[in-house]
Amino acid sequence: MDLILWRHAEAHDLREGETDDLARALTPKGERNAVRMAHWLNQVLPATTRVLVSPAVRTQQTAAALERKFKTVAALAPDGTVDALLDVTRWPEAREPVLVVGHQPTLGLAAAYLLAGTAQPWSIRKGAIWWLRCKEKDGRQQVTLLTVQSPSLL
């Protein structure tokens, strides 16, 4: 199974008096970076990739740059957990690749858990992706990091 973790692109900060974190939108730079990363992803993602997205506006905008169908999943909201992420992606049993557009710290914690065996506060840059693959080898599951890509490198 391939699991691609995509952190939303740069978003506006909450303004004074605002309390709805889910309503924060991408900045103009975030919009450009989402399009840049989406262009790269569309060149390498299989057509069968399931795209699962947090309900936050900034993740919806990031995913929309792909111009593919996606499913909004409440469990991927900013307060989501690693267990919820692994559950909705059907890790590691899913047959098709899964792209998750989500948030820190959950994405970094998930990457650490899958690669190092313990949820540690790893940081994933805004707009970046981490592409992980789980394969069975010698009767054991082996997780590898295929690539890390940042919009600033494209």
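**View 1. Threonine 118 and its contacts.** Leaving aside neighbours within four places in sequence, threonine 118 is in contact with Ala112 and Tyr113. Contact here means heavy atoms within 4.5 Å. Threonine 118 sits in the loop between α4 and β5. Helices (H or I, at least four residues) and strands (E, at least two) are DSSP runs, numbered from the N terminus. Threonine 118 is partly exposed, at 36% relative accessibility. Buried means under 20% relative accessible area, exposed over 50%, and partly exposed in between (1.4 Å probe, protein chains only).

The model is predicted: local features need pLDDT of at least 70, side-chain atom pairs count only at pLDDT 80 or more, and totals for chains, interfaces and linings use all residues. Residues are numbered from 1 along each chain as its sequence is written, and side-chain values use heavy atoms, with hydrogens and water left out.

**View 2. An open sheet of six strands.** The strand order is β3-β2-β4-β1-β5-β6, and the pairing is mixed. β3 and β6 stand at the edges with a single partner strand each, so one side of each has no neighbour in the sheet. Two strands pair if DSSP finds at least two bridges between them. Strands of a sheet pair through backbone hydrogen bonds, either parallel or antiparallel. Helix α2 lies across β1 (2-7), β2 (50-53), β3 and β4. Relative to β4, α2 runs at about 140 degrees. Axes are lines fitted to C-alpha atoms, for helices over the stretch in contact, and angles run from 0 to 180 degrees between N-to-C directions.

**View 3. The β5-β6 hairpin and its turn.** β5 and β6 pair in the antiparallel sense over nine bridges. Within this pairing, glutamate 136 stands opposite glutamine 141 in β6. The two strands form a hairpin with two residues between them. Aspartate 138 is in the turn. This residue is not a glycine, yet its phi is positive, at about 55 degrees. The loop that holds aspartate 138 runs between β5 (129-137) and β6 (140-149). Aspartate 138 is exposed, with a relative accessible area of 75%.

View 4. β1 and β5 run antiparallel and are joined by five bridges. Aspartate 2 stands opposite arginine 133 in β5. The side chains of these two residues also meet in a salt bridge (2.5 Å, N to O). That pair links distant parts of the chain: arginine 133 in strand β5 and aspartate 2 in strand β1 are 131 residues apart. A salt bridge is a side-chain nitrogen of Lys or Arg within 4 Å of a carboxyl oxygen of Asp or Glu. By this rule the count is five. Arginine 133 is partly exposed, at 28% relative accessibility. Aspartate 2 is buried, with a relative accessible area of 10%.

View 5. Asp21, Arg24 and Arg58 are linked in a network of salt bridges. In one of these, the side chains of aspartate 21 and arginine 58 meet at 3.0 Å, N to O. The pair spans 37 residues: aspartate 21 is in the loop between β1 and α1 (28-44), and arginine 58 is in helix α2. Aspartate 21 counts as partly exposed, at 24% relative accessibility. Arginine 58 is buried, at 2%.

**View 6. Arginine 50 with glutamate 96.** These two residues form a salt bridge, their closest N and O atoms being 2.6 Å apart. The pair links distant parts of the chain, 46 residues apart. Arginine 50 is in strand β2, and glutamate 96 is in the loop between α3 and β4. Glutamate 96 counts as buried, at 17% relative accessibility.

View 7. The bond from tryptophan 91 to proline 92 is cis, with omega near -5 degrees. Proline 92 is in the loop between α3 (82-89) and β4 (98-102). The bond from glutamine 104 to proline 105 is also cis, with omega near 5 degrees. Proline 105 lies in the loop between β4 and α4 (106-116).

**View 8. A positive phi at glutamate 67.** Phi of glutamate 67 is near 60 degrees, a positive value in a residue other than glycine. Glutamate 67 is in the loop between α2 (57-64) and β3 (71-72). At 74% relative accessibility, glutamate 67 is exposed.
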